[in-house]
Amino acid sequence: MEELVGLREGSPGNPVTLHELWGRCPHIRRGIRGGLEWLKRVLFRVGEDWYFLMALGVLMALISYAMNFVVARVVRAHNWLYEEIGDSHLLRYLSWAVYPVALVSFSSGFSQSITPFSGGSGIPELKTILSGVILDDYLDIKNFGAKVVGLSCTLASGSTIFLGKVGPFVHLSVMIAAYLGRVRVKTIREPENKSKQNEMLVAAAAVGVATVFAAPFSGVLFSIEVMSSHFSVWDYWRGFFAATCGAFMFRLLSVFSSEEETITVLFKTSFRVEVPFDLPEIFFFVALGGLCGIMSCAYLFCQRTFLGFVKNNRFTSKLLATSKPLYSALAALVLASTTYPPGVGRFFASRLSMGQHLDSLFDNNSWALATRNSSPPWPAKLDPKNLWFEWYQAEFTIFGVLAFFLLMRFWMLILATTIPIPAGYFLPIFIYGAAIGRLLGEALSVAFPEGIVAGGVVNRIMPGSYALAGAAAFSGAVTHSISTALLAFELTGQIVHGLPVLMCVLAANVIAQSCQPSFYDGTIIVKKLPYLPWIRGRRIGSHPVNVGHFMDSAITTLAKDAPLQEVVKAVASTDVVEYPVVESTDSQILVGTVRRAPLLQALLARPPSWAPGQQRHLQDILARGCPIEPVTLQLSPDTTLHQAHNLFELLNLQSLFVTSRGRAVGFVSWVELKKAISSLTNPPAPK
């Protein structure tokens with residue numbers, strides 16, 4: 001191998017070797033070598049966070065794209081079968097209905113046979129986990145395959161079932177994060193860090209949203225709003241880094257597969273940019289927010305009531321307990337029969353896919369004005385270039401079809417949420433809100449056919465902008481989040497309507513949050529998951545309430561000077577996980593806690609050196625190695641309900657002891673807190 005040569009600066013042109021050139025600069029060489037070693041230690045150390053987060057984002061993007069690819073082929077095959085099967089109504093009905101029924105029943109049976117935790121959205125359970133509750137096996141990697149296969153079958157059933165994939169993808173992302181975290185701990189052999197694990201789970205939730213919509217900003221904010229009651233700023237960069245990697249990779253795969261020429265938004269719009277809206281339209285956007293808030297309250301109440309009815313009804317509860325695929329098949333058959341296009345389905349655009357619904361609803365042209373003097377026929381086959389034809393029926397008009405869509409999809413969405421399959425519920429309510437906004441936008445375009453005059457300039461009303469605002473407002477009201485406004489901008493690439501859309505979302509949230517719990521909180525209530533409720537409202541009289549008013553005073557304490565016979569009797573008569581240890585029976589000064597398992601082991605393993613009949617005390621057991629854990633945090637009887645609630649939420653606590661001047665006087669857990677909040681929000685009737 002020839003030696004590298006170069007020219008020394010200022011030399012007449014005689015080449016010198018690289019060794020001669022740098023041989024006289026030992027300090028520079030040592031500095032460069034040290035810098036490279038430092039860079040190697042920082043960037044290429046196994047177990048670094050950025051490695052973990054980038055791998056999580058890229059992996060979830062690959063899974064999301066592969067799932068979309070497979071689902072698109074299956075849906076295309078279903079559409080081809082429906083169109084080519086002939087003119088027989090019976091055969092066409094069977095091809096339309098049997099396909100989703102088979103997929104949904106298989107999705108339910110396959111996923112539930114592997115694990116019962118694969119059904120539903122997954123976000124309510126994740127909220128419970130991030131609040132400090134341990135749900136056994138819920139984040140186990142064996143649930144991953146069941147969730148992926150079940151979700152693919154759910155999405156392949158198309159708009160018949162009308163469900164999405166946001167919630168399950170958040171669950172999948174968190175499962176992958178938990179698994180990679182366990183691999184990381186085993187690889188670098190460091191002790192398991194619960195705080196670090198929660199940081200990665202929050203970042204993973206953002207990745208789940210970002211890899212579905214290619215929206216990293218709203219993915220991070222949505223995960224913060226929906227998943228966390230308190231958020232550490234330290235986790236901010238983790239969420240954005242992982243979400244950006246996932247969203248970038250997800251859209252890059254579309255470019256590599258020649259589906260897109262470059263990285264673009266998912267739903268392209270052509271809204272007017274110069275003057276997107278007139279000032280008087282702000283009033284209509286706020287009114288749309290109020291309408292979405294009222295509709296969201298009705299939806300949340302009916303959905304939670306019907307879900308509770310299904311779980312408590314004797315017939316449906318037995319069917320869900322013994323044969324989930326049968327219940328899923330029956331519900332899917334009802335939905336498929338209702339959406340059959342030659343039947344009722346033609347009157348609410350049932351042939352459109354989820355994406356085509358949004359593409360058509362975001363159209364900035366007024367359909368009502370376009371059909372005022374002409375009546376386009378309902379096409380025998382779906383026309384991809386004129387999707388809005390699906391929203392017109394001569395006998396119904398545009399307004400009748402949109403209103404009928406809202407009516408039918410209202411109860412169909414509620415029924416679909418009871419099916420025990422892996423499914424997301426965000427995209428359906430996003431589309432539903434877009435239909436609400438489209439209906440108002442079409443009405444305004446007819447009321448002001450020439451546009452609204454502002455400052456002597458006339459600009460036509462764009463119904464698509466109201467559909468965008470309605471989608472963000474209704475989905476934000478149902479989930480109690482503001483980030484849906486940003487999600488609407490990232491999905492469409494349109495931020496010219498930023499102010500009216502945000503005002504619309506805020507108006508909807510004001511109504512929804514003051515009247516109903518969110519969709520995910522309602523599911524937690526119906527499923528009776530261990531989750532600490534919020535203290536809502538200022539008129540419930542919660543501020544004067546102290547811990548002393550609702551604490552459990554009947555606690556079992558173990559005194560150091562207590563005879564072992566009394567200790568054994570106390571342990572045998574209770575089944576608590578840990579016992580408070582006090583200095584003496586008289587003083588009751590709390591000195592720590594002892595866990596039940598090691599205490600039982602120490603009581604059973606009495607040393608042979610102890611003489612029979614000799615009086616022994618608890619302190620003898622403790623002196624022989626039974627560990628006492630210090631109580632680092634305690635409550636006072638004068639601690640307010642709000643302070644205790646904030647501590648439990650912020651530190652993910654399950655229980656705390658109450659002491660007065662060091663004496664153990666009570667005990668507070670989630671049970672006592674929930675009872676106290678419930679008695680304030682729903683006070684008992686006076687006798």
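The lining of the second largest cavity comprises five nonpolar, three polar and no charged residues; here Ala, Val, Leu, Ile, Met, Phe, Trp, Tyr, Cys and Pro count as nonpolar, Asp, Glu, Lys and Arg as charged, and the others, Gly among them, as polar. The structure is a predicted model, in which local features need pLDDT of at least 70 and side-chain atom pairs count only at pLDDT 80 or more, while totals for chains, interfaces and linings use all residues. Residues are numbered from 1 along each chain as its sequence is written, and side-chain values use heavy atoms, with hydrogens and water left out.

**Cavities**

- There are two cavities of 30 Å³ or more; a cavity is a set of points, on a 1 Å grid over the protein atoms alone, where a 1.4 Å probe fits but cannot get out, and lining residues have an atom within 4 Å of a point.
- The second largest cavity holds about 40 Å³ of space, a volume being the space filled by probe spheres set on grid points that are joined across faces, edges and corners.
- Its lining is formed by Val166, Val209, Ser218, Phe222, Phe426, Ser483, Thr484 and Leu487.
- At least two residues of this lining come from each of α9 and α19 (484–492); helices are DSSP runs (H or I, at least four residues), numbered from the N terminus.
- The largest cavity is lined by 13 residues, of which Lys127, Glu225, Ser518, Asp521 and Trp534 are the closest to its centre.
- Two or more residues of that lining are given by each of the elements α9 (216–227) and α21 (519–527).
- Four nonpolar, five polar and four charged residues make up the lining of the largest cavity.

**Packing of α9 with α19**

- The axes of α9 and α19 come within 8 Å and cross at roughly 160°; axes are lines fitted to C-alpha atoms, for helices over the stretch in contact, and angles run from 0 to 180 degrees between N-to-C directions.
- α9 is therefore roughly antiparallel to α19, a term for angles over 145 degrees.
- The crossing of α9 and α19 is left-handed, meaning that the near helix is turned anticlockwise from the far one by less than a right angle.
- Pro216, Phe217, Ser218 and Leu221 of α9 meet Leu486, Leu487 and Glu490 of α19, where contact means heavy atoms within 4.5 Å.
- By class, the residues of this contact are five nonpolar, one polar and one charged.

- Helix α16 (residues 397–416) and helix α17 (residues 426–447) have axes that come within 10 Å and cross at roughly 160°.
- These two helices, α16 and α17, are therefore roughly antiparallel to each other, and their crossing is left-handed.
- Residues in the contact include Phe399, Leu402, Phe405 and Arg409 of α16 and Ile431, Tyr432, Ile436 and Glu442 of α17.
- The contact of α16 with α17 has 15 nonpolar, no polar and three charged residues.
- Helix α11 (residues 281–312) packs with α17 at an angle of about 140°, the axes being 11 Å apart.
- α11 and α17 are therefore oblique to each other, the class left after under 35 degrees (roughly parallel), over 145 (roughly antiparallel) and 65 to 115 (roughly perpendicular).
- The crossing of α11 and α17 is right-handed, the near helix being turned clockwise.
- Phe284, Leu288, Leu291, Cys292, Met295 and Tyr299 of α11 make contact with Ile429, Tyr432, Ile436, Gly437, Leu440 and Leu444 of α17.
- This contact divides into 11 nonpolar, one polar and no charged residues.

Note on methods:
On a 1 Å grid over the protein atoms alone, a cavity is a set of points where a 1.4 Å probe fits but cannot get out, and a pocket is an open set with protein on both sides within 12 Å along at least five of seven lines; lining residues have an atom within 4 Å of a point.
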